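Please look through the sequence and the structure below before reading on.

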Amino acid sequence: MNQWIIRGRLTKEVEVKLHNDKKIAVFSLAFNDYYKDDAHFFEFKAFGKLAEVISNLQKGSHVLVTATVRNNIYLDKETQKTVYGKDQYIVQSIEFLDSKPKTEEAKQLIQELPAAEFNDIEYSNYEVSDEDGLY
């Protein structure tokens with residue numbers, strides 16, 4: 001099973017990008033280690049309607065994210081060598097713990113979006129690598 005669950009706070013505003021006319025939300029979360037006073041930071045990506053909803057979060061928003069982890073491996077077009085990039089954390093679902101959306105439109109979007117949208121996100125059509133400049 002490839003499922004990663006993390007609770008944390010957004011470290012900056014969500015960055016929304018378009019790739020082949022598809023919306024991608026990129027954001028990072030920070031969380032503290034239970035045993036030490038260390039902070040850990042991870043970057044996540046969300047696609048489609050889920051990206052649209054996440055784009056309405058703000059820095060400091062407290063969320064619970066369920067994600068899958070994928071290795072980012074691609075062929076460099078110039079050198080024809082395999083490149084091993086950093087891992088990708090792909091959001092499957094998100095729960096807003098104390099976050100309030102920025103706008104009324106965002107609140108409406110969250111209420112209208114069926115729960116299945118969050119859990120059945122098809123991201124296989126969103127192949128993105130380091131060479132796309134989305135990191």
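## Overall fold

The model is predicted. The protein has 135 residues, and 39% of them count as buried. Its secondary structure consists of 3 helices and 8 strands. In sequence order these elements give the pattern β-β-β-β-α-β-β-β-β-α-α.

Among contacts in the protein with a separation of 6 or more, 66% are made by residues 24 or more positions apart. The accessible surface amounts to about 8,400 Å², and carbon and sulfur atoms hold 46% of that area.

## The largest pocket

Which strands each supply at least two residues of the lining? They are strand 1 (4-10), strand 3 (22-32) and strand 5 (62-70). Strand 1 gives the largest share, with 5 residues.

## Salt bridges

The structure contains 2 salt bridges. One of them joins the side chains of K17 and E15, with an N to O distance of 3.3 Å. How do the two partners differ in exposure? K17 has 17% relative accessibility and therefore counts as buried, the cut-off for that class being under 20%. E15, at 38%, counts as partly exposed.

The other salt bridge pairs E43 with K86, and here the closest N and O atoms are 3.8 Å apart. E43 belongs to strand 4 (residues 39-47), while K86 sits in the loop between strand 7 (82-84) and strand 8 (88-96), so this pair ties together parts that are 43 residues apart in sequence. E43 is partly exposed, at 25% relative accessibility. K86 is also partly exposed, with a value of 43%.

## Around K86

Most residues other than glycine have a negative phi. Which residue in the loop between strand 2 (15-19) and strand 3 is of interest here? It is N20, which has a positive phi of about 55° although it is not a glycine. N20 has a relative accessible area of 61% and so counts as exposed, since that class begins over 50%.

Q80 is another residue with a positive phi, near 60°, and it too is not a glycine. Q80 lies in the loop between strand 6 (73-75) and strand 7. Is Q80 buried or exposed? With a relative accessible area of 51%, Q80 is exposed.

Methods: Residues numbered from 1 in each chain as written. Predicted model: local features only at pLDDT ≥ 70, side-chain atom pairs only at ≥ 80, totals over all residues. Heavy atoms only, no water. Salt bridge = Lys/Arg side-chain N within 4 Å of Asp/Glu carboxyl O. Buried < 20%, exposed > 50% of the residue type's maximum accessible area, 1.4 Å probe, protein only. Helix = DSSP H or I, 4+ residues; strand = E, 2+ residues; numbered from the N terminus. Contact = heavy atoms within 4.5 Å. Areas by Shrake-Rupley, 256 points an atom, 1.4 Å probe, with all protein chains shown as cover.
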